[in-house]
Amino acid sequence: MRILTHVSLILALLCPVAADTLAQAPGEATIPDGTRITLQLNEHLSTKLNSEGDSFTAVVSVPVLLGNRIAIPKGSTVYGSISRVVRPGRFKGKAIMTLNFQSIRIPGRGQFPVVASLASVDSEGNPDVKTEGTIKGGGNVGGDVGRVAKPALGGAGIGAIAGGAKGSAIGAGAGAMVGIITVFATRGKDLEIARGSTMNIALDRALILPAEPSEAAAGPKNR
């Protein structure tokens, strides 16, 4: 009885290990979470032109390796969509765009769902990358100040011609009001991500790829 108890205990300890071993079929490739995939954007994305729900694609530009084996070859296509678009504020505020990545198509193997976040973007304007796949565009504070200051100086000159120092003060006030109206009527800098820009995404969950057709057809090797 005591021997049977020990045997049962050993089997109970080995079962989880066996289950983990059987969880991945022969020939499958598991790309761990945190792996970065370098992409090249196929479309031009903009907070001015794009809307929430718009789709986009990007091509893998650097193959992903597992050991000496190519798991994701160059030329694979990643599919995504825009889930949030925020235009820049009229007086202040930055343009925001949130990108989701849903699947990847690997030539000769099929299309597979992915869970990934945007890690970086190499694009004109150097947008700041935020968490959860959000890109935040650059502000335009200096531009806002310029729009207010220049009309104010012009107004002061016109006021001085009309009525001396007092007229200058009145003219400056009128000019500043025109400048502020211009700022509120004109939006700040929109976020632009040019076609061909390099993007890096990071897997938030491990990606399991089935065996390649040739491996699956061969089956397990005979010992």
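## A strand with two partners

Strand β2 (residues 36-41) runs antiparallel to β13, and 5 bridges join them. Strands here are DSSP runs of E at least two residues long, helices are runs of H or I of at least four, and both are numbered from the N terminus; two strands pair if DSSP finds at least two bridges between them. This is a predicted model, where local features need pLDDT of at least 70 and side-chain atom pairs count only at pLDDT 80 or more, while totals for chains, interfaces and linings use all residues. Residues are numbered from 1 along each chain as its sequence is written, and side-chain values use heavy atoms, with hydrogens and water left out.

β13 also pairs with strand β9 (residues 110-122), again antiparallel, through 6 bridges. In that pairing Asp122 sits opposite Thr198 of β13. Of the 6 residues in β13, 5 are buried, so the strand is largely enclosed by the rest of the structure. Buried means under 20% relative accessible area, exposed means over 50%, and partly exposed covers what lies in between (1.4 Å probe, protein chains only).

Asn200 belongs to β13, which spans residues 198-203. Is Asn200 buried or exposed? Its relative accessible area is 18%, so Asn200 counts as buried. The Asn200 side chain makes a polar contact of 2.8 Å with the side chain of Thr38. A polar contact is a pair of N or O atoms within 3.5 Å; within protein, one must be able to donate a hydrogen and the other to accept it, and residues adjacent in sequence count only if both atoms are side-chain atoms.

Setting aside residues up to four places away in sequence, Asn200 touches Ile37 and Thr38, along with Ser117, Leu118, Ala119 and Ser120. Contact here means heavy atoms within 4.5 Å.

## Ser103, another buried polar residue

Over in strand β8 we find Ser103, which is buried at 10% relative accessibility. Its side chain has a polar contact with the side chain of Gln111, at 2.8 Å. Beyond its neighbours within four places in sequence, Ser103 contacts Thr77, Val78 and Tyr79, plus Gln111, Phe112, Pro113 and Val114.

## The core and a hairpin

Which residues of the largest nonpolar core touch the most other members? They are Ile72, Leu99, Phe101, Ile104 and Leu207, out of 34 residues in that core. A nonpolar core is a set of buried Ala, Val, Leu, Ile, Met, Phe, Trp, Tyr and Cys residues joined through side-chain atoms within 4.5 Å. In soluble globular proteins, nonpolar side chains tend to be buried together. Leaving out neighbours within four places in sequence, Ile72 has contacts that include Ile31, Ile37, Val60, Ile104 and Leu207.

Ile72 ends strand β6 (residues 69-72), which is joined antiparallel to strand β5 (residues 64-66) by 3 bridges. The two strands form a hairpin with 2 residues between them, and Gly67 in the turn has a positive phi of about 70°. Leu65 stands opposite Ile70 of β6.

Arg87 is in the loop between β7 (77-86) and β8 (96-106), and Asp190 is in the loop between α2 (141-185) and β12 (192-193), so the pair ties together parts that are 103 residues apart in sequence. Arg87 is partly exposed at 29% relative accessibility, whereas Asp190 is buried at 14%.

Glu28 sits in the loop between α1 (2-23) and β1 (29-31) and is partly exposed, at 23% relative accessible area. Glu28 and Ile208 are 180 residues apart along the chain, yet their C-alpha atoms are separated by 6.9 Å. Leu49, in the loop between β3 (45-46) and β4 (55-60), is exposed at 64%.

## The whole chain

Overall, the protein chain has 3 helices and 14 strands. Buried residues account for 31% of its 223 residues. Among contacts between residues at least 6 apart in sequence, 67% join residues at least 24 apart. The chain exposes about 13,500 Å², with carbon and sulfur atoms supplying 60% of it; these areas come from the Shrake-Rupley method with a 1.4 Å probe, and for residues only the protein chains shown count as cover.
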